[in-house]
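Hello,

Here is the structure I said I would pass on. My notes on it follow below.

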Amino acid sequence: MIKVAVQFSGMTRCLDECYESHLRFFENRNDIQFDFFMHTWDETFYDEGVRQRIERNRGIKVSDDIIHTDKLAVVEKLNSIYNPISLMVESQDDSCQMNRDVKATQTLHNLTSAEPWLNLFTSDDPKRIRPSLNIPQTYSMSKVNDLCHEYSRSNNIEYRLTIRTRFDLMFSSSPQDREHFMESIERKIYDVHDNSISFSLHTDNKRTFVNDAFFLGPYQNMNFVLTELYRSKLKEIYSDDYTFLQEGFLMRVMNGYNRPNMRQSFDFNLNKYFIYLLKRKTKDDCIAH
């Protein structure tokens, strides 16, 4: 049985609408086993852009308030749905390593920078990191990868591929798309010369950038990139040069750190990965390029 690690991270928003599509797509078959690893938070919120998309596409108004959930309830729900190999639910407060990392980065900047007094937390809550920094996002991606790597190392398990995805992605309901997905995974598994990492792309106002929602690649390369994303984001905020998780930031990490580990360049050709799309209805709606 060939093993593939599926790493879910980020907030569990839209979980009730999306989880059935996850279970359909990541169903064990063709001698391929999908193991789930998860990191999430005990709170959920929707930024303005997400709220507008949900209201426009689904006709549902979503509150802009932060929704707090009991950790145990989140654990029980995710365990009952996915039965993950490893799962961690954290709070974004002083008990989280992320906040200690950011406070240390902020302190170092303010002690050494020519332009001190950088504040990485919101003005109304000294424990809450500003959402635009993408720190909770990259921390969650790194943390679930740590869970997966520790399990793999401790149990001497070799994963062939790692898939990074999120709880609020809804996959196509088409059986044909699910089979196409498996064919794509198999090609990725059995092509021993393919060390590339494939990213989903998004086009906004004729500008194309890398989408963090779904990407996959060989286990070792993904392990490096998912760890380095968080470290590089901390370095980035220290230099006061903020970017979002778009092409510039991801390409900087990939080209600057990971390329020596790979025998060929990163693969941005996603013609074979047109399956995953939020609320996809027709082939013409796909995000493949």
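This is a predicted model: local features need pLDDT of at least 70, side-chain atom pairs count only at pLDDT 80 or more; totals for chains, interfaces and linings use all residues.

Cys14 counts as buried because its relative accessibility is 10%; buried means under 20% relative accessible area, exposed means over 50%, and partly exposed is in between, with a 1.4 Å probe and protein chains only. Cys14 sits in the loop between β1 (2-9) and α1 (15-25). Although Cys14 is not a glycine, its phi is positive, at about 65°. Most residues other than glycine have a negative phi.

Asp31 also has a positive phi, near 60°, and is a residue other than glycine. Asp31 is found in the loop between α1 and β2 (32-41). With 57% relative accessibility, Asp31 counts as exposed.

Residues are numbered from 1 along each chain as its sequence is written, and side-chain values use heavy atoms, with hydrogens and water left out.

The average pLDDT (the predictor's confidence in each residue, from 0 to 100) is 77 for the protein, and 73% of the residues score at least 70. Over residues 256-289 pLDDT stays under 50, and the model has 92 contacts beyond four places in sequence for that stretch. Contact means heavy atoms within 4.5 Å.

**Overall make-up**

The protein has eight helices and ten strands. These are DSSP runs numbered from the N terminus: helices are H or I with at least four residues, strands are E with at least two. Of the 289 residues, 50% are buried. Among contacts with a separation of 6 or more, 73% come from residues 24 or more positions apart.

**Helices α4 and α5**

Helix α4 (residues 97-112) and helix α5 (residues 135-154) have axes that come within 10 Å and cross at roughly 125°. That angle is why α4 is oblique to α5: under 35 degrees counts as roughly parallel, over 145 as roughly antiparallel, 65 to 115 as roughly perpendicular, and the rest as oblique. The axes are lines fitted to C-alpha atoms, for helices over the stretch in contact, and angles run from 0 to 180 degrees between N-to-C directions.

Which residues meet there? Gln97, Met98 and Val102 in α4 meet Ile135, Pro136 and Tyr139 in α5. By class, this contact of α4 with α5 has five nonpolar residues, one polar and no charged.

Regards

Notes: Ala, Val, Leu, Ile, Met, Phe, Trp, Tyr, Cys and Pro count as nonpolar, Asp, Glu, Lys and Arg as charged, and the others, Gly among them, as polar.
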